[in-house]
Each structure stands twice: as C-alpha cells, then as structure tokens.
Amino acid sequence: MKTQNQKAWFFVLPVLVLVAFNALIPMMTVVNYSVQETFGDNLFFWEGLGWFEQILRSDRFHAALGRQFMFTGLILLIEIPLGVIIALSMPRSGFWVSICLVTMALPMLIPWNVVGAMWNIFTLPDIGLLGYLMNTTLGINYDMTQSPFAAWATIITMDVWHWTSLVVLLSYAGLVSIPDAYYQAAKIDGASPWKVFRYVQLPKMKQVLTIAILLRFMDSFNIYTEPFVLTGGGPGNSTTLLSIDLVKIALGQFDLGPAAAMSLIYFAITLLVSWLFYTLMTKDDQK
Amino acid sequence: MKKRALIPILYIAFLMLPIYWLVAMSFKTTNEILSGFSLFPQTFTLENYRVIFTDPTWYWGYINSILYVSINTVISVCVALPAAYAFSRYRFLGDKQLFFWLLTNRMAPAAVFALPFFQLYSAVGLFDTHLAVALAHCLFNIPLAVWILEGFMGGVPKELDETAYVDGYSFPRFFVTIFLPTIKAGVGVAAFFCFMFSWVELLLAKTLTAVQAKPIAATMTKTASSAGYELGLLAAAGTLTIIPGAIVIYFVRNYIAKGFALGRV
C-alpha cells in the first residue's frame with residue numbers, strides 16, 4: 001500500500017509550477033477576454049455573459065460544432081475497428097514485428113503541417129499520385145477544392161492514415177499481454193474464432209481501448225493544423241471544423257471576446273465528453 | 001495464416017504511399033513536377049536538398065526545431081521524474097485530483113491558447129527564444145511524461161526502496177544509482193514521447209517565434225506562400241522532417257505501445 005506522506009508535495013511542486021504557469025495564466029486571460037468587449041487601443045468594456053449567449057445561439061457555431069462531431073464520430077467509427085482488425089492479424093513474434101511497429105508508427109512522427117502538405121501534394125488533381133489515379137486512370141472527378149464530398153473524404157482518409165496506428169499499437173500491446181494458456185483453454189473448449197475474440201481478446205483489450213478512444217477523441221476534437229493546411233476549411237465552409245473557425249474569429253477578425261467565449265465553451269464540451277466516455281467505460285471495473 | 005498477413009501488408013502499403021510520393025517529388029525538378037505526372041523522377045536531382053543545406057534560413061529552421069525539442073525533453077523528463085515517483089509511492093492531499101488535472105491539459109485545444117501564450121511570453125520577455133517554445137510545450141509534455149513514468153514506476157515493487165533504505169542508502173543516492181537504472185526503459189519512452197509531441201506540434205511553436213527561433217515547419221509554410229509554388233523544395237524539406245522521428249523510433253520500437261498506453265499495459 002502507498003504510505004501517507006504530505007512531503008511528497010515537494011516532489012510534485014516543479015511540475016505544478018511549470019504546468020500552472022502554462023495552463024492557468026493563459027486560461028485566465030481567455031476568461032478575462034470572454035466577458036469584455038474591445039474596440040482596440042487596449043480599451044475594454046464589461047460585457048458580462050453576452051458573448052456566451054451570442055455564441056451558443058449563433059448558427060455559425062452550431063454548424064461548426066456539428067461538423068466537428070461528424071468528423072470525430074466518423075474518425076472513431078473507422079479507426080477503432082480498423083485498428084483492432086489490423087492488430088489481430090499482426091504477427092505475434094519474430095523479425096516482422098519490429099518492422100511492422102516502426103513503419104506503422106512513422107506517420108505519427110511527422111510534423112502536423114507536413115502531414116497536411118504531404119496530402120496536399122498527394123491529392124493534386126493533375127500531378128498528385130492519388131489525384132491522378134482518381135481523375136485520369138479511374139475517371140472519377142476528384143477535386144478537393146471543388147467538391148465538399150471529396151474534401152471530406154480526403155480529410156477523413158488523412159486522419160485514418162495519420163492515427164489508426166495509435167489504435168493498432170495499443171490493441172497490439174493488449175493482445176500480446178494475453179497468456180498462451182487462455183488460448184489453449186479456449187481451444188480445448190472448442191471456441192470459434194469469434195468467441196475467442198469476444199470472450200478472451202476483447203476483455204483483455206478493454207483498458208487499452210479505453211485509452212485509445214479517449215486519446216483519439218481528444219486529439220481529433222482539437223484537430224487544427226492538418227485540415228487547415230490541406231483544405232483551409234473549404235470549399236466554402238464545408239470543412240471548417242471548430243478550431244479552424246475559432247482561429248478565424250480570433251486572429252482573422254480579431255474578435256477577442258467572442259473567440260474567448262467560444263474557446264471556453266469548446267474546452268467545456270471536450271472535458272464533458274471525455275469525462276462521460278471515461279466514466280462509462282470504467283463503470284464496470286468498480287462493481 | 002498467409003491470408004492473415006495480407007491485412008498488415010496492405011495497411012503498411014497504404015501508409016507508405018503518400019510518404020513515397022513526398023520523397024519522389026523531392027528528387028524532381030520544379031519543371032518536371034509542374035509539367036505533368038510521372039511515377040518516378042525522370043531527371044533525378046539533388047538540387048532541392050542542396051538549397052536546403054546551403055541556405056541558412058532553411059537549415060537554421062532544423063537547428064531551431066531540434067534545439068527547442070531537446071530543451072523541452074530534458075525539462076519535461078527531469079521535473080516529471082520526482083513527481084511520478086511521488087504519485088506512485090505516496091498518498092498525499094489532493095493527489096488524485098492533481099493527477100486528473102494534469103490530464104485535462106492535454107484536452108485544451110492549442111488554438112485556444114495561441115493568443116494568450118503570445119501575450120504571456122512577450123510579457124516575460126521570452127518571445128522568439130528557444131526556451132519559450134520549450135516551456136510552452138511543457139503544457140502537454142509534462143503531464144504525458146508524468147503519466148508514462150508513473151505507469152512504469154508502478155511496476156517496480158516497493159520492497160526495492162525499502163531494502164535500499166535498510167542498507168543505508170540516502171534517498172538521492174538510492175534514486176540515482178538504483179531506481180533510475182531499474183526504470184530506464186520508462187525514462188527512454190517518456191523522453192521519446194516528449195520528443196515526438198514537441199517535434200510535431202507547430203501552432204504554438206509558430207506563434208511564439210519570429211526570426212531567431214523559428215521552427216522548420218514554419219519556414220516551410222512561409223516558402224509555400226512567398227516563393228510561389230516550389231513543390232520540390234517543399235517536398236525535400238518535408239522529407240527531412242521525417243528523418244529524426246524515424247531514427248528515434250528505432251530505439252524504442254519495443255516499448256512504443258506501452259508508452260502510448262501511458263505505461264499501463
């Protein structure tokens with residue numbers, strides 16, 4: 001058991017100071033902006049909760065939030081099952097494991113704007129590999145700058161390309177931690193592959209999948225750089241996700257008040273959904 | 001068994017295609033790129049790389065990135081080590097709340113913090129320094145390092161600590177000579193993840209720098225807009241940003257999954 005020791009706080013202090021410096025001061029700045037109106041020249045007026053009301057009622061915010069949920073929902077629906085399937089079919093030992101792990105992890109180590117630029121080059125209609133294949137070889141009219149559907153398909157594919165490996169690696173780590181004896185027992189009982197998956201593998205992967213879903217939710221909900229570089233939110237507003245819209249308001253129009261209010265609402269939604277996920281998925285453990 | 005191997009192979013092929021295209025493009029001349037589609041470089045050229053390695057605005061981008069990423073990794077791991085030890089060995093007032101609060105910092109969208117960060121670091125006079133970016137990245141890297149290290153430390157039996165104290169070791173000596181070597185895999189993984197997330201993050205790094213400490217990724221964005229569309233150069237710069245990641249990943253290949261699971265598999 002852990003021992004009670006209040007002096008442990010001294011060990012935690014440096015972490016607390018550094019993280020608080022980076023988290024609390026900017027957060028207070030945002031809170032400060034969110035209740036004020038400014039006309040430039042550092043003149044600020046008390047605005048109360050006006051911005052929050054305005055944001056919560058605005059169609060623009062609803063639309064961006066809707067797109068954000070659709071994006072995150074699609075990402076989770078594709079990446080989680082796909083990641084589990086790939087992890088299940090990976091070799092368990094030997095030379096190929098290292099090759100698989102290193103190559104699969106590679107996309108996650110590429111700077112996010114390079115990911116966007118890379119997919120931009122990859123999908124250019126005339127000279128990109130994918131764009132050329134689609135348009136010339138297959139004869140499908142595919143142009144991200146024209147069709148919202150193509151733009152959506154591309155940002156989803158890009159994210160699947162970028163982050164499915166996270167789910168694969170986590171599921172794989174869960175799978176290799178299952179002792180051989182479990183499989184032998186299942187074999188003796190004559191369990192079908194589906195039953196082995198459902199009653200042996202899935203329960204063992206539950207913890208890592210919780211982490212995978214949480215991480216994928218948080219990161220995809222906050223995604224900014226990759227879609228911004230790839231589509232810039234277009235065509236029109238069709239791929240303007242929440243964070244892209246936020247930056248447009250804050251830095252494009254310099255409406256600090258509404259942008260700050262929107263930031264806080266945004267953060268609150270992320271926290272709430274993450275907390276819901278977390279409690280739902282760990283509920284069974286506490287019984 | 002053979003059929004099953006097809007899934008990972010197809011997946012890896014899918015992962016490699018855009019990377020191949022980027023690398024192939026980096027060996028083409030701008031003329032060739034714009035003149036039409038070609039699967040392999042027709043006139044193989046190293047010109048794009050030559051430009052990057054001879055032009056200071058380009059290669060300093062890499063040096064800047066590597067500098068702030070290294071500073072950040074050192075700071076994050078050093079302060080996270082004692083904290084993770086405290087979380088894994090002791091109970092203290094507010095420990096659970098503090099631990100969860102650390103995680104919530106990963107949830108804050110960087111876009112939200114961009115402007116306040118700019119003001120904060122300008123106010124303390126650190127704007128456009130490597131230290132500013134390194135400190136700002138601590139926001140999400142320290143919590144991550146604490147979580148990973150705590151997971152690894154949890155796997156070390158407490159008897160190790162107790163035996164050392166009975167043998168007359170002081171705490172600092174025990175920590176450095178006995179405890180650290182036991183969890184060196186964990187330290188490596190934590191350092192790798194700090195490196196990785198600091199390396200791939202751009203929004204804050206770009207906001208906090210202007211000239212002196214400008215990261216490579218920002219140099220790329222600027223070139224893309226100012227010098228027209230020099231795709232070959234852009235592709236070469238992009239290719240070079242993949243290499244550091246590919247090198248470090250090789251060293252931690254057996255622990256990556258455990259790291260992503262925050263040390264809890």
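This is a predicted model: local features need pLDDT of at least 70, side-chain atom pairs count only at pLDDT 80 or more; totals for chains, interfaces and linings use all residues.
Residues are numbered from 1 along each chain as its sequence is written, and chains are lettered from A in the order in which they are written. Local features need pLDDT of at least 70 and side-chain atom pairs count only at pLDDT 80 or more, while totals for chains, interfaces and linings use all residues.

User: Which element of chain B has the highest mean pLDDT?
Analyst: pLDDT is the predictor's confidence in each residue, from 0 to 100. Chain B averages 84, and 92% of the residues score at least 70. The lowest mean among its elements, 66, belongs to helix 12 (residues 216–226) of chain B. The highest, 91, belongs to helix 4 (residues 56–89) of chain B.

User: How many helices does chain B have?
Analyst: Elements are DSSP runs numbered from the N terminus: helices are H or I with at least four residues, strands are E with at least two. The C-alpha trace of chain B spans about 75 × 60 × 30 Å along its principal axes. Its secondary structure has one strand, and the helices number 14.

User: What percentage of the residues in chain B is buried?
Analyst: Count other C-beta atoms, placed from the backbone, within 10 Å of a residue's own: 20 or more is buried, 12 or fewer is exposed, and in between is partly exposed. Chain B has 265 residues. The buried share is 48%.

User: Which helix gives the largest share of the side of chain B that touches chain A?
Analyst: Two residues are in contact if their C-beta atoms, placed from the backbone, lie within 7 Å. The contact takes 72 residues from chain A and 77 residues from chain B. With 12 residues, the largest share on the chain B side comes from helix 1 (residues 2–26) of chain B.

User: Which residue of chain B does T3(A) stand opposite?
Analyst: Strands pair if DSSP finds at least two bridges between them. Strand 1 (residues 3–4) of chain A and strand 1 (residues 90–91) of chain B run parallel, joined by two bridges. In strand 1 of chain B, the residue opposite T3(A) is Y90(B).

User: How far apart do the C-alpha centres of domain 1 and domain 2 of chain B lie?
Analyst: An automatic or database domain assignment sets the bounds. In chain B it gives domain 1 (1–45) and domain 2 (56–260). Their contact takes eight residues from domain 1 and seven residues from domain 2. Their C-alpha centres are separated by 31 Å.

User: Which residue of chain A is in contact with A80(B)?
Analyst: Set aside neighbours within four places in sequence. A80(B) then contacts I142(B), A145(B), V146(B), L149(B) and A190(B) in chain B. From chain A, the partner is V15(A).

User: Is D128(B) buried or partly exposed?
Analyst: D128(B) sits in the loop between helix 6 (110–123) and helix 7 (130–154) of chain B. Its phi is near 65°, a positive value in a residue other than glycine. Because 15 other C-beta atoms lie within 10 Å, D128(B) counts as partly exposed.
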